[in-house]
Amino acid sequence: MSTYSFRREQRGEVMGLKRQRAFTMPDMHTATKDIEQAKVEFEKQAKLGYATGGDLGVSYEGAFRMTREFYDENREWVESVVADLGKPVLLELLPERHHYWSAKIDFAVIDGLGRPIENPTVQIDVESAARFGIEYSDGQQTHHPNILHYSPSGSIERVMAALLEHAATQDVPRLPTWLSPTQVRFIPVSDDHVDYCDDLVARLAEAKIRADVDERSETVGKRIAKAERDWVPYYVVVGDRELEAGAFKVNRRESSDEVSLSFDELHELVDDEIGERPRRPRYLPAHVSGHPHFTGA
């Protein structure tokens, strides 16, 4: 993870989360013995980068850029890479090489104004090894490797920009459940129900499901509105009836409906939705009253 990547952007070039002077990016470099091995690894990495779109729930468009010379020498391979991706890709041919790479592929989300937010990328670097004295030996002589520059997701900031742009196209804007800061929220009707909600939060935390309790001294309606503003995927109002029955009316953000579930069924639903995606513990207090509160100027 490259946590301190910098670009010397000029005045007017920095723009929100899409283009910054400092950013964080998963970054990998692969040294290959020749162009044939570089092409094999390139294709594997391109497929993995494209697959991250499915993981994030966004749609990628691809742009394959290369020199005319590279294309003429590797046309069948280029066509096979595109065919394996299973969707059309923009092909750009450069008359000659002006960069360290001879070929690269970028995957981008298209924003609301029709502009690309470039995220995953793979590049075949044919210059830097000689420039920086990077060599490998085959036992008889040394060679400069072709180096693949690869980021399976692009910068974290652009990933967030892509997710927000995608959310803007939804009837009910939302983040994927596995990425949502709070995945389940309990809204106790009164102070008498807070301890019960705290216990449910602790039980979900054992499965690394991020849950919290909105125990603030606000009306239930205002706390429901807060859950909606926070884009919480699942929220539950808990009162005497829920305590007695052991079942809840669960509000689902994605489908904008309400379903009756037991706690175990709610647990299983969220657990299955997260699946094998990363799970991180809750990083805010269990009580919403302890969360940061932002006000307008």
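**Reading the model**

Author: Let us begin with Trp231, which counts as partly exposed because its relative accessibility is 24%. Buried means under 20% relative accessible area, exposed over 50%, and partly exposed in between (1.4 Å probe, protein chains only). This is a predicted model, in which local features need pLDDT of at least 70 and side-chain atom pairs count only at pLDDT 80 or more, while totals for chains, interfaces and linings use all residues. Residues are numbered from 1 along each chain as its sequence is written, and side-chain values use heavy atoms, with hydrogens and water left out.

Reader: Where is Trp231 placed?

Author: Helices (H or I, at least four residues) and strands (E, at least two) are DSSP runs, numbered from the N terminus. Trp231 sits in the loop between α7 (220–229) and β13 (234–238). Its phi is positive, about 55 degrees, although Trp231 is not a glycine.

Reader: What is the phi of Ser256, and where does this residue lie?

Author: Ser256, likewise a residue other than glycine, has a positive phi near 50 degrees. Ser256 belongs to the loop between β14 (247–252) and β15 (257–262). With a relative accessible area of 54%, Ser256 is exposed.

Reader: How is a salt bridge defined, and how many does a search of the whole structure find?

Author: A salt bridge is a side-chain nitrogen of Lys or Arg within 4 Å of a carboxyl oxygen of Asp or Glu. The search of the whole structure finds 21 salt bridges. One of them joins the side chains of Lys87 and Glu61, at 3.4 Å from N to O. This pair links distant parts of the chain, 26 residues apart: Lys87 is in the loop between α3 (75–85) and β5 (89–94), and Glu61 is in strand β4 (residues 61–67).

Reader: Is Lys87 buried or exposed?

Author: Lys87 is buried, because its relative accessible area is 19%.

Reader: Which residue meets Arg75 in a salt bridge?

Author: The side chain of Arg75 meets that of Glu79, at 3.1 Å from N to O. Both residues lie in helix α3, 4 residues apart, which is about one turn of the helix. Arg75 counts as partly exposed at 47% relative accessibility, and Glu79 is also partly exposed, with a relative accessible area of 42%.

Reader: With which residue does Asp111 form a salt bridge?

Author: Asp111 pairs with Arg115, and their closest N and O atoms are 3.0 Å apart. Asp111 is buried, with a relative accessible area of 5%, whereas Arg115 counts as partly exposed at 35%. Elsewhere, salt bridges that share partners join Arg65, Glu92, Lys104, Asp106 and Glu118 into one network.

Reader: What polar contact does the side chain of Thr121 make with a side chain?

Author: A polar contact is a pair of N or O atoms within 3.5 Å; within protein, one must be able to donate a hydrogen and the other to accept it, and residues adjacent in sequence count only if both atoms are side-chain atoms. The side chain of Thr121 makes such a contact with the side chain of Asp106, at 2.6 Å. A polar atom of the Thr121 side chain also lies 3.3 Å from the backbone oxygen of Ile105. Thr121 is in strand β7 (residues 116–125) and is buried, with a relative accessible area of 14%.

Reader: Which residues form a nonpolar patch on the surface?

Author: Patches are made of residues with over 30% relative accessible area and no salt bridge: like charges are joined within 9 Å, and nonpolar side chains (Val, Leu, Ile, Met, Phe, Trp, Tyr) within 5 Å. Met1, Leu17, Ile156, Met160 and Leu164 form the nonpolar patch, with about 430 Å² of accessible area together (Shrake-Rupley method, 1.4 Å probe; for residues, only the protein chains shown count as cover). Leu17 lies in the loop between β1 (2–6) and β2 (22–25) and counts as partly exposed at 33% relative accessibility.

Reader: Which residues gather in a patch of negative charge?

Author: Asp and Glu count as negative and Lys and Arg as positive, while His and the chain ends are not counted. The place of a charge is taken as NZ of Lys, CZ of Arg, CG of Asp or CD of Glu. Here, Asp191, Asp192, Asp240 and Glu244 gather in a patch of negative charge on the surface. Asp240 is in helix α8 (residues 240–245) and counts as exposed, at 51% relative accessibility.
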